Amino acid sequence: MKLAIASLVLGSAAAFSPSAFSGSALKAASNGSSMDMRYKVAVIGGGPSGACAAEIFAQEKGIDTVLIERKMDNAKPCGGAIPLCMIGEFDIPESTVDRKVRKMKLISPTNVEVDIGDTLQPNEYIGMCRREILDKYLRDRAISYGAEAIQGLVTKIDVPEDHKESESQYTLHYQEFEVGSSSGVPKTMDVDLVIGADGANSRVAKAMDAGEYNFAIAFQERIKITEEQMTFYEEMAEMYVGDDVSPDFYGWVFPKYDHVGVGTGTVVNRPAIKQYQKAIRDRAGDKIAGGKIIKVEAHPIPEHYRPRRVQGRMALVGDAAGYVTKCSGEGIYFAAKSGRMAAEAIVKLMDGGKRLPTQTEIERTYISDYDKLYGPTYTVLDILQKVFYSNNGAREAFVELCNSKYVQQVTFDSYLYKKVQGNNPLDDLKLLGETIGCLIKGYAIATPDAEFSNPVESAKRL
């Protein structure tokens, strides 16, 4: 669920500025006819960002595409919510969606509940998926277009000193999976371009010296509950706020095929994540009581962009680049979108596989286009997280604000379609006044946040 006020200030912009190739001589020119060579692209990571990038590259006749994923049946810890526009934009079959959420309960620190969803049309919904299902579908599609899939773990990348000025190849060192081998078989591969889609702990980011970023720990338990309990969650998701479930995020109960995902996350107090997880289970109460925990998951989630997302002919996408929004923690759509945008920009620059792009060209196309399109979203949600997730008073105000049908309408329009629709200046002005009033009321009724001291963790923050 996204913060409604953010929707009122977000905008969309796109720009594409192709530039002439400048740099090293064409590989084709040095090797003879362009028909005798094919450039090789390695996409490292087989989640939505990697799969969507590989799908684009694989359709180009002048490019060999390799997709390396360490675990083909990986089930990434994730709330699993995807917007309606992603279903159509990425041609995803509804069979990959476990539940169509049309109702949301937002619960404040004092357990005030607000029901959200009345503004949705009958054909509108938030898709809830399991990552192992969605990711496999996207990977298989890339493979069907011609991407070569390798199950293996990339352990090192040799980056030539002159990779920004020449066409020197990158050497990948990886352990390829082999049945009966605990560590895999060591192998190497030379490639011309590298797309880092390997998550928050990206080996590609490390190899290209992309810089560090702050990250949250997301913790989730998959809990099998009774059919009667699942009836409540048929089209319902829940979002809990309060310093008991997270000092800087929220807790959730999201429905899946035959179970619910119950989780939380935090940046500022990661060592206490299990304490917050117990609190979200307690808050959900009888609705999940007696449920059996069938899977426990934890994963780092980036909090902001990497300082550098392109180095030479190495580019980061998805979580590896830091494309997760604050406030909501949404990352699936932006992962898929960034993978596709990066690949499309690079393919266009390669002109049918005739040449390699320069770092400057990739930055002026993929990076510039992505930032113009979604940069305002990240900035505003960053601000709003600081405002509304900072203490219980602000959280109470946030929940009360979401009672507004106008807030709900603009929120869902922004989330489902990734663009603001139908803003009313008079309603916006009215909302500003309501926000101030809700904040005053929230601070008056809220209990103070519990204090915690975490000097070691605080020292790690950038």
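Buried, in these notes, means under 20% relative accessible area. I keep that cut-off at hand because C129, at 1% relative accessibility, counts as buried by it. A reminder to myself before going on: this is a predicted model.

**Entry: cysteines**

I stayed with C129 and looked for a sulfur partner. The closest cysteine sulfur to that of C129 sits in C78, 6.7 Å away, which is too far for a bond. I then looked up the count of disulfides for the structure, and it is zero. I also checked C327, which is buried, with a relative accessible area of 1%.

**Entry: the nonpolar cores**

Next I asked which residues touch the most other members of the largest nonpolar core. They are F57, I195, Y366 and Y389, in a core of 107 residues. Helix α9, residues 332-350, gives this core its largest share, with twelve residues. Apart from this core I found another one, of 15 residues, and I223, M230, V245 and I280 are among them.

Leaving aside neighbours within four places in sequence, I listed V41, V43, I63, T65, I195, A343, I346 and V347 as the contacts of F57.

**Entry: helix α3**

F57 is also one of the buried residues of α3, so I read along that helix, residues 48-58. How many of its residues are buried? Eleven of the eleven are, and I noted α3 as mostly covered. The buried residues include P48, G50, C52, E55 and A58. What covers them includes strands β1, β2 and β11, together with helices α5 (131-144) and α9.

**Entry: the sheet**

I followed the strands across and wrote down the order β10-β9-β8-β2-β1-β11-β18-β17. These eight strands form an open sheet, and the pairing is mixed. Which strands stand at the edges? They are β10 (185-191) and β17 (310-311); each has a single partner strand, so one side of each is left without a neighbour in the sheet.

Further in, I looked at β11 (residues 193-196) and β18 (residues 314-316), which pair in the parallel sense over three bridges. Within this pair I found G196 opposite L316 in β18. Helix α9 packs on the sheet, where I saw it touch β1 (39-44), β2 (63-69) and β11. The direction of α9 makes about 170° with that of β11.

**Entry: aromatic rings**

I counted 17 aromatic pairs in the structure. I opened one of them, Y333 with Y374, which is edge-to-face, 6.4 Å centre to centre and with 85° between the planes. Y333 lies in α9 and Y374 in helix α10 (residues 359-388), so this pair ties together parts that are 41 residues apart in sequence. Y333 counts as buried at 2% relative accessibility, and Y374 counts as buried at 5%. Both rings belong to one aromatic cluster, which I wrote out as F90, Y305, Y323, Y333, F334, Y370, Y374 and Y378.

**Entry: a loop residue**

Last, I went to T119, in the loop between β6 (113-116) and β7 (126-128). Is T119 buried or exposed? T119 counts as buried, because its relative accessibility is 13% and the cut-off is 20%. Not counting residues up to four places away in sequence, I found T119 touching E124, K405, Q408, Q409 and F412.

Terms used
Residues are numbered from 1 along each chain as its sequence is written. This is a predicted model: local features need pLDDT of at least 70, side-chain atom pairs count only at pLDDT 80 or more; totals for chains, interfaces and linings use all residues. Side-chain values use heavy atoms; hydrogens and water are left out. A nonpolar core is a set of buried Ala, Val, Leu, Ile, Met, Phe, Trp, Tyr and Cys residues joined through side-chain atoms within 4.5 Å. Buried means under 20% relative accessible area, exposed over 50%, partly exposed in between (1.4 Å probe, protein chains only). Helices (H or I, at least four residues) and strands (E, at least two) are DSSP runs, numbered from the N terminus. Contact means heavy atoms within 4.5 Å. Two strands pair if DSSP finds at least two bridges between them. Axes are lines fitted to C-alpha atoms, for helices over the stretch in contact, and angles run from 0 to 180 degrees between N-to-C directions. A disulfide is a pair of cysteine sulfur atoms within 2.5 Å. Rings of Phe, Tyr and Trp (its six-membered ring) pair if their centres lie within 6.5 Å; planes under 30 degrees apart count as stacked, over 60 as edge-to-face and the rest as tilted.
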